[in-house]
Amino acid sequence: MARSVCVWFALAAIVCSLSAISAEESSEAKEFVLTLDHSNFTDTVSKHDFIVVEFYAPWCGHCKHLAPEYEKAASILSKHDPPIFLAKVDADDEANKDLASQYDVKGYPTLQILRNGGKNVQEYKGPREADGIVEYLKKQSGPASVEIKLTEDASNLIDDKKIVIVGVFPKFSGEEFESYMALAEKLRSDYDFGHTLDAKHLPRGESSVVGPLVRLFKPFDELVVDFKDFKPEALEKFIEESSIPLVTLFNKDPSNHPFVAKFYNSPNAKAMLFADLSTEGFDSLQSKYREVAEQYKGKGISFLLGDVEASQAAFQYFGVEESQVPLIIIQSDDGKKYFKPNLKADDIAPWVKDFKVMNLVMVIKHNEIYTL
Ligand SMILES: *[C@@H]1O[C@H](CO)[C@@H](O)[C@H](O)[C@H]1NC(C)=O
């Protein structure tokens, strides 16, 4: 019997930890997904400009769930021009362990996009069902930034679900343009990029600008922000910071999940307010919470709002109950947890302030949950 140890990771995705023991072997014969192992991995990868590799374990439930979708995507993408190849490696096989650690495999499944014969590696951050995989990989195998020549090009690229970054330039050359394109290549698995000579094609923001300027479209908060510093570090920092919502929403809508993953990957302390988002009185709770988030912006705390409906696994993880909502948990940057059940809107500001004080004084013992 396979004993898989699956843990909530970043609340947005469940991954199975490497400590599990392998058992059953996958026996299904697959047609389009290439099977690779330590003996032929490097050789195969070096022949491809673009190839996707799934590191899986035979016992991992999420891998089994992905397998038919991955295979279907591989069959569709084999007809793409040029064909796009999908491969898999049994990372649980002792003989492939070195390969797995070389590709930073910390959970199953891990998918990596390998470019230029394996010289560039980027994590696959796309959907896990066939159509989504196909769309994401078509985009990933094309140019890192697409030119917006018409208003239609902009509406194809920019929607109300994701972050899209568009560079506006007087001409497609020069230092700023080069710097922008290099960053688009670097961050292409995280964001969608475009470039244009005419800001009037864009759906939001000042349309008379000629640039060089970077305009970031986001599905939350101020919806559009402009930036003019093209130094690579400054531009990357701007994109990272602008793409985090003031309050990250965690519900059943998968388009929010990349932002939830981002929230959990942040080095900040994390405030998590869980409530039933459909109840009356929730609005005042939310507006107070946003006020507090605004007040602590840039001060080392990130804020998340979770809907009870989507948060069962989180409740188990933190050992709290649905009857305690609205509830707030703050996990400090060193892992301590602070908890307050049955929260009222006016409690939020003083409680977060108490947390800041407590955290400063460090009177709290390690690894325990405290009710302030
Ligand atoms: C790589 O080697 C494994 C084991 O010998 C084999 O099953 C697999 O088909 C090979 N893959 C390719 C693409 O040659």
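Biologist: Why does D221 count as partly exposed?
Modeller: D221 has a relative accessibility of 31%. Buried means under 20% relative accessible area and exposed over 50%, with partly exposed in between (1.4 Å probe, protein chains only). The value of 31% falls in between, so D221 is partly exposed.

Biologist: What are these values based on?
Modeller: This is a predicted model, in which local features need pLDDT of at least 70 and side-chain atom pairs count only at pLDDT 80 or more, while totals for chains, interfaces and linings use all residues. Residues are numbered from 1 along each chain as its sequence is written, and side-chain values use heavy atoms, with hydrogens and water left out.

Biologist: What makes the backbone of D221 worth a remark?
Modeller: D221 is not a glycine, yet its phi is positive, about 50°. D221 sits in the loop between β11 (213–217) and β12 (224–227). Helices (H or I, at least four residues) and strands (E, at least two) are DSSP runs, numbered from the N terminus.

Biologist: What is the phi of N342, and where does N342 lie?
Modeller: N342, also not a glycine, has a positive phi of about 45°. Its loop runs between β17 (337–340) and α11 (348–361). N342 is partly exposed, with 41% relative accessibility.

Biologist: How do you know that the pair D190 and K125 is a salt bridge?
Modeller: The term needs a side-chain nitrogen of Lys or Arg within 4 Å of a carboxyl oxygen of Asp or Glu. In D190 and K125 the closest N and O atoms are 2.6 Å apart, so the pair qualifies. By this rule the structure has 20 salt bridges.

Biologist: Why can D190 and K125 be said to tie together parts of the chain?
Modeller: D190 lies in the loop between α6 (175–187) and β10 (192–196), and K125 in the loop between β7 (120–123) and α4 (130–141), so the linked parts are 65 residues apart in sequence. D190 is partly exposed at 36% relative accessible area, and K125 is partly exposed at 41%.

Biologist: What about D334 and K336?
Modeller: Their side chains form a salt bridge at 3.0 Å, N to O. D334 is partly exposed at 33%, whereas K336 is buried at 5%. Elsewhere, salt bridges link K139, D159, K162 and D192 in a network.

Biologist: Why is the pair F41 and F55 called tilted?
Modeller: Rings of Phe, Tyr and Trp (its six-membered ring) pair if their centres lie within 6.5 Å; planes under 30 degrees apart count as stacked, over 60 as edge-to-face and the rest as tilted. The structure holds 19 aromatic pairs. For F41 and F55 the centres are 6.3 Å apart and the planes make 40°, so the rings pair and are tilted. The pair links distant parts of the chain, with F41 in helix α1 (residues 41–46) and F55 in strand β4 (residues 50–56), 14 residues apart. Both F41 and F55 are buried.

Biologist: Which residues do ring pairs link into a cluster?
Modeller: The cluster consists of F169, F172, F177, Y180, Y191, F193 and F230.

Biologist: Which residues are around the ligand?
Modeller: They are T35, L36, D37, S39 and N40, the rule being a heavy atom within 4 Å of the molecule. By class, the shell has one nonpolar, three polar and one charged residues. Taken alone, the ligand exposes 360 Å², of which the protein buries 45%; the areas come from the Shrake-Rupley method with a 1.4 Å probe.

Definitions and conventions:
Nonpolar A, V, L, I, M, F, W, Y, C, P; charged D, E, K, R; others polar.
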